[in-house]
Amino acid sequence: MKKIFIALLLVGCTPSHNPNDHIHMSAWVTNGDRSLLLNKIDTLVFEERRAVGSVINLDTATTYQTMDGFGYSLTGGSAYLINQKLNAEDRTALIKELFEREGNSIGISYLRVSIGASDLDDHVFSYNDLSAGKTDLELKGFSIDADRTNLIPVLKEILAVSPDIKIMGSPWSAPVWMKDNHLPKGGKLEPKYFAVYAQYFVRYIQEMKKEGITIDAVTLQNEPEHPGNTPSMTMTPSEQAEFVKLHLGPAFKTAGINTRIIVFDHNCDHPDYPIAVLNDAEAKSFIDGSAFHMYLGDISAMTIVHNAHPDKNVYFTEQWTSGKGDFGGDLRWHVKNLIIGAPRNWSRNVIEWNLAADEEFNPHTGDGGCNLCQGALTINSKTGVLTRNVSYYIIAHASKFVQPGAIRVKSEIVDNLYNVGFVNPDGTKVLIVLNDNETDKTFSISDGKKSSAISLKSGAVGTYVWKF
């Protein structure tokens, strides 16, 4: 195994022996060839020496957004595998590894769950399924029982370890009796059911709260411009604006619900969609912000929306890794565009899709379910053996080190060394760096006075943590 070279380079100075003249820095590195996988490197030193090579300056006086966290979608399929394919001891150990903020754990701080089924459940369901031709305008048959077998028990175990974790809920479809095509796949929410669907959200949040699970935010519809998933449903910007201002916002207000309302939840190729919703002043008064995926478009779309409505937040809520993907290529692309790119474009979070799948990328629904979605974890359906995949390391390079409530601070991208910096609530500084060059690079991290010289292999990711 090749060892990555990381060292302080001394240039034109006599070493200082005053312990107050230097600061120790921790470094954690993942290489694209897997020779290092979130390995802690020997402690580096910040000293008052001339910087070497390209310099990444961390300017903590220039601040941007507050971070909510980093994590995954806990799909119904993920919960099933964790709950059913691991014994109690292994499940407890895994949850501690994923959600604690100490030791060898990776400190996941944000989860996204589906409201009803997503395409990574083993079957389609809503919380109000009826026989053909039936309606239930008072939602007398509403029930979250479908989530009680796996999702809710797993969430409760997570909350026991991480009680402050933020949870976002996203629907893939309304109940089919509310839709114009009466099918799980595609179709639209009929306007005559807007009011009852708003109450559906209210009931969901209330019922989860009874289980001790706080839903911090909801999006109105997963991928509202993509009717090809099973389940799925389309919504236009005007429909989202109408639904929020006339129904969901007032329903939350009447019920005393503080859950954040987030619009869009789709690709970066259409920043005009969330802008159009937010341009409706009445709808905007109820909306916290907009959510994005990046199967199309550029991550800079988040800044376009932020600049159009700087008083509203932006979130990054989904990106998959394929079972046919390349570890090194996926590591480089996701860290560059999401872990670094999304916060640099004002996102308060980064959520990867999804936490777990089995060795055949199950469970998923039938036609329109993702059959190549690789989990951050592979949980073997026969043996329960765990494999940590590329998405595990993508998120861990941020979640382990960037605390909820961290403030993003200014740092410049130099010499294809993509990076993002944060200051945590406890005062620690964090800098995540990707070497996006085709050659190994030596560079310096500096605060303007002290610096440390570092080397990263081509395609490698390093997270650097220190405190003055």
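Keep in mind that the model is predicted.

I'll start with the rings. The count here comes to 20 aromatic pairs. I'll take two of them in detail.

One is Y64 with W346, an edge-to-face pair with 5.6 Å from centre to centre and 80° between the planes. Where do the two residues sit in the chain? Y64 belongs to strand β3, residues 54-66. W346 is in the loop between α9 (327-344) and β12 (347-352). That puts the partners 282 residues apart, and the pair links distant parts of the chain.

My other pair is W172 with W353. This one is stacked, with 5.6 Å between the centres and 25° between the planes. W172 lies in the loop between β6 (166-171) and α4 (194-210), while W353 lies in the loop between β12 and β13 (356-357), so the contact ties together parts that are 181 residues apart in sequence. As for accessibility, W172 is buried, with a relative accessible area of 2%. W353 counts as buried as well, because its value is 4% and the cut-off is under 20%.

Some rings also gather in a group. One aromatic cluster is formed by F125, Y127, F142, F194, Y197, Y200, F201, Y204 and F243.

Next, charges over rings. Which charged residue sits over W346? The answer is R408, whose charged end is 5.5 Å from the centre of the W346 ring. So that we have W346 in one place: this tryptophan carries R408 over its ring and is in an edge-to-face pair with Y64. The charged end of K400, in turn, sits over the ring of W28, at 5.1 Å from the ring centre.

Last, the sheet. Strands of a sheet pair through backbone hydrogen bonds, either parallel or antiparallel. Here we have an open sheet of 3 strands in the order β13-β15-β16, and the pairing is mixed. The edge strands are β13 and β16, the latter being residues 386-388, and each pairs on one side only. β15, residues 377-379, runs antiparallel to β16, and 3 bridges join them. Which residue of β16 is the bridge partner of T378? That is T387.

That is the end of my part.

Definitions and conventions: Residues numbered from 1 in each chain as written. Predicted model: local features only at pLDDT ≥ 70, side-chain atom pairs only at ≥ 80, totals over all residues. Heavy atoms only, no water. Phe/Tyr/Trp six-rings, centres within 6.5 Å; stacked < 30°, edge-to-face > 60°. Helix = DSSP H or I, 4+ residues; strand = E, 2+ residues; numbered from the N terminus. Buried < 20%, exposed > 50% of the residue type's maximum accessible area, 1.4 Å probe, protein only. Lys NZ or Arg CZ within 6 Å of the ring centre and 35° of its normal. Pairing = 2+ DSSP bridges.
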